[in-house]
Amino acid sequence: MTLQTIISVPEFYLEIFADPVLRGSIGFILGAVTGSFLNVCASRIPNGVSIIHPASRCPNCNDGIAWKNNIPIVSWLFLKGQSKCCDYKIPFRYFVLESLSAISFAFFFVSFGTIYDYHYLLASLIFIPILMVVIVIDLETMTIPDRFSIGGAMVGLILSFLMPVLHGFSTEPLFIERVSALLASILGMLISSSILYWIGAIAERLMRREALGQGDVKLLGFVGAFCGWQGGLFVIFGGAIVGTVLLIPVMIFSKLTSRKEDLDQGNTVGWGMEVPFGPFLGIASILYFLGFRKFVDDWFETSFADFIIFFSGI
């Protein structure tokens with residue numbers, strides 16, 4: 001291999017990624033495939049089934065699924081949500097997760113596709129898919145597997161050391177900046193999970209019932225490792241706001257449209273009903289990571305500076 005060939009390879013890739021349309025297309029395809037894998041994780045992991053073996057099978061009749069019937073997004077549309085081997089209705093969740101993953105990855109590749117933004121691209125391709133699968137699993141089973149929360153937090157610590165820019169340091173960091181970013185990640189993990197733990201403990205004491213699952217606490221540790229303590233605080237209160245905004249209309253609609261016997265039996269969404277908090281934390285985390293981060297971090301920085309000035313003048 002000649003020196004010219006070695007030099008031309010990165011130039012070739014740079015030319016490809018210089019086109020935002022091509023970047024978005026690559027991201028969309030990669031995201032659709034990732035979404036299909038996330039569906040496998042959401043279906044198998046809560047049941048203790050390997051995500052590698054066996055190959056894709058119909059959940060109803062256990063027949064193997066041909067490759068042409070297993071193409072992300074396309075196959076669900078072509079089959080109209082109907083299994084080819086039997087009368088099993090393929091859940092709409094499969095199509096939604098694959099589509100959202102594809103659109104998200106396309107957005108990441110377009111937004112962070114330059115050579116200077118690869119840190120944010122790599123972090124996004126790890127952080128957001130984990131949140132997506134956590135949202136689905138928590139909605140369906142009201143559990144959050146430790147492999148995503150604790151495992152994700154460990155990945156966040158490693159990435160923070162390797163890419164300190166995630167915590168506001170330079171893109172060409174000194175070793176001390178790497179250590180500082182790692183400390184910021186550790187503090188974010190500990191502070192975020194600790195605050196949510198004590199909120200849950202106090203609420204449990206007041207309500208005399210479990211108010212918050214430990215899975216939510218560990219999930220906040222994962223968020224804090226990637227986003228720092230500022231992101232963790234935003235997600236705690238942002239998740240509560242998101243939950244309120246989404247649940248109140250659902251509760252009102254459920255109340256107005258439910259039959260009397262359903263109301264008597266408590267088969268509607270209402271006050272006192274157990275609702276997973278993880279999905280709302282996940283949505284707030286995505287909002288912070290993809291749009292609110294700059295505003296939130298600037299607000300905390302300004303508020304902290306004003307706090308110091310106020311007390312230094314006393």
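A salt bridge here is a side-chain nitrogen of Lys or Arg within 4 Å of a carboxyl oxygen of Asp or Glu. Lys-294 and Asp-298 meet this rule, with their closest N and O atoms 3.0 Å apart. The count for the structure comes to 4 salt bridges. This is a predicted model, in which local features need pLDDT of at least 70, side-chain atom pairs count only at pLDDT 80 or more, and totals for chains, interfaces and linings use all residues. Residues are numbered from 1 along each chain as its sequence is written, and side-chain values use heavy atoms, with hydrogens and water left out.

- Helix 10 covers residues 278–312; helices (H or I, at least four residues) are DSSP runs numbered from the N terminus.
- Lys-294 and Asp-298 are 4 residues apart in helix 10, so about one helical turn separates them.
- Lys-294 is exposed at 57% relative accessibility, while Asp-298 is partly exposed at 33%; buried means under 20% relative accessible area, exposed over 50%, and partly exposed in between (1.4 Å probe, protein chains only).
- Arg-293 pairs with Asp-297 in another salt bridge, the closest N and O atoms lying 3.8 Å apart.
- Arg-293 and Asp-297 are likewise 4 residues apart in helix 10, and therefore about one helical turn separates them.
- Arg-293 counts as buried, at 16% relative accessibility, whereas Asp-297 is partly exposed, at 23%.

- The side chains of Lys-218 and Asp-146 form a salt bridge of 2.7 Å, N to O.
- This pair links distant parts of the chain, 72 residues apart: Lys-218 belongs to helix 8 (residues 214–257) and Asp-146 to helix 6 (residues 146–162).
- Lys-218 is partly exposed, with a relative accessible area of 30%, and Asp-146 is partly exposed at 36%.

**Packing of helix 5 on helix 6**

- The axes of helix 5 (residues 118–141) and helix 6 come within 11 Å and cross at roughly 170 degrees; axes are lines fitted to C-alpha atoms over the stretch in contact, and angles run from 0 to 180 degrees between N-to-C directions.
- The two helices are therefore roughly antiparallel, a class for angles over 145 degrees.
- Helix 5 makes the contact (heavy atoms within 4.5 Å) through residues including Leu-122, Ile-126 and Val-133.
- On helix 6, the contact residues are Phe-148, Gly-152, Val-155 and Leu-159.
- By class, the contact has 9 nonpolar, 1 polar and no charged residues; Ala, Val, Leu, Ile, Met, Phe, Trp, Tyr, Cys and Pro count as nonpolar, Asp, Glu, Lys and Arg as charged, and the others, Gly among them, as polar.

Technical notes:
Parallel < 35°, antiparallel > 145°, perpendicular 65-115°, else oblique.
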